[in-house]
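Trainee: Before we start, I would like to go through the terms used for this model and see what each one rests on.

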Amino acid sequence: MAQELQGVALPTSDVVRNFVQSVRLWMRDFAELNLLIRGEESTDRMILFAIGDFLSDFNGTPPFTGMGLEDLFARGQQSLALRGTVISLLQGVMLIQARNHLPFSDGGLSIQINDKAPLIQSILQLFQAQYEQNKRMVKTAINIEGILNDGGPSGVHSDYFSLSVLGMY
């Protein structure tokens, strides 16, 4: 069953619904833990969008693939999917924080309201470096696996192969 998210259909299978809750758990985004805001910071809809954004990033990075969340989980890549989704989610949170930043000064008193964007940005830089490295390793492994499992002879022949074939005739 697909859920419509502002014109984008995202699958909402049991795997996706459970993953949304895993993301929420990893982010510790529960109303009872959010002391400064009321409720959850990220809705399920925002997390679904972040999953779609992660999958778009992953599949759009060469070598291009068409993998879904279930495909990545079958390969044991839950951690990569979680971190990619959280990065997308935090980027959206950072945009909201930057947009709602309000410096105020009156009578020599300066107040910064809602200035979490630099903190979120530094956290994102840590996550993104590790995520990009892991994504490259996974994509390389998938590419090698595709070469070896194509059903035909695997690998690329060297120049010596043609000499051995010509020598047989």
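Mentor: Start with axes and angles: an axis is a line fitted to C-alpha atoms, for helices over the stretch in contact, and angles run from 0 to 180 degrees between N-to-C directions. The model is predicted, so local features need pLDDT of at least 70 and side-chain atom pairs count only at pLDDT 80 or more, while totals for chains, interfaces and linings use all residues. Residues are numbered from 1 along each chain as its sequence is written, and side-chain values use heavy atoms, with hydrogens and water left out.

Trainee: What makes α2 and α5 oblique to each other?

Mentor: Helix α2 (residues 44-60) and helix α5 (residues 117-148) pack at about 55 degrees, with their axes 10 Å apart. Angles under 35 degrees count as roughly parallel, over 145 as roughly antiparallel, 65 to 115 as roughly perpendicular and the rest as oblique. The pair falls in the rest and is therefore oblique.

Trainee: Which residues make the contact?

Mentor: With contact meaning heavy atoms within 4.5 Å, α2 contributes Phe 54, Asp 57, Phe 58 and Asn 59, and α5 contributes Tyr 131, Glu 132, Lys 135, Val 138, Lys 139 and Ile 142. These residues divide into five nonpolar, one polar and four charged. Here Ala, Val, Leu, Ile, Met, Phe, Trp, Tyr, Cys and Pro count as nonpolar, Asp, Glu, Lys and Arg as charged, and the others, Gly among them, as polar.

Trainee: Why is Lys 135 called buried?

Mentor: Buried means under 20% relative accessible area, exposed over 50%, and partly exposed in between (1.4 Å probe, protein chains only). Lys 135 has 3% relative accessibility, so the residue counts as buried. Leaving aside neighbours within four places in sequence, Lys 135 is in contact with Asp 57, Phe 58, Thr 61 and Leu 80.

Trainee: Is Arg 24 buried or exposed?

Mentor: Arg 24 is at 2% relative accessible area and is therefore buried. Arg 24 is found in helix α1 (residues 14-27). Not counting residues up to four places away in sequence, Arg 24 touches Asp 29, Phe 30, Glu 40, Ser 42, Thr 43, Asp 44 and Ile 47.

Trainee: How far is the backbone oxygen of Ser 42 from a polar atom of the Arg 24 side chain?

Mentor: The distance is 2.8 Å.

Trainee: How many helices and strands does the chain have?

Mentor: Six helices and four strands, where helices (H or I, at least four residues) and strands (E, at least two) are DSSP runs, numbered from the N terminus. Buried residues make up 27% of the 169 residues.

Terms used. A polar contact is a pair of N or O atoms within 3.5 Å; within protein, one must be able to donate a hydrogen and the other to accept it, and residues adjacent in sequence count only if both atoms are side-chain atoms.
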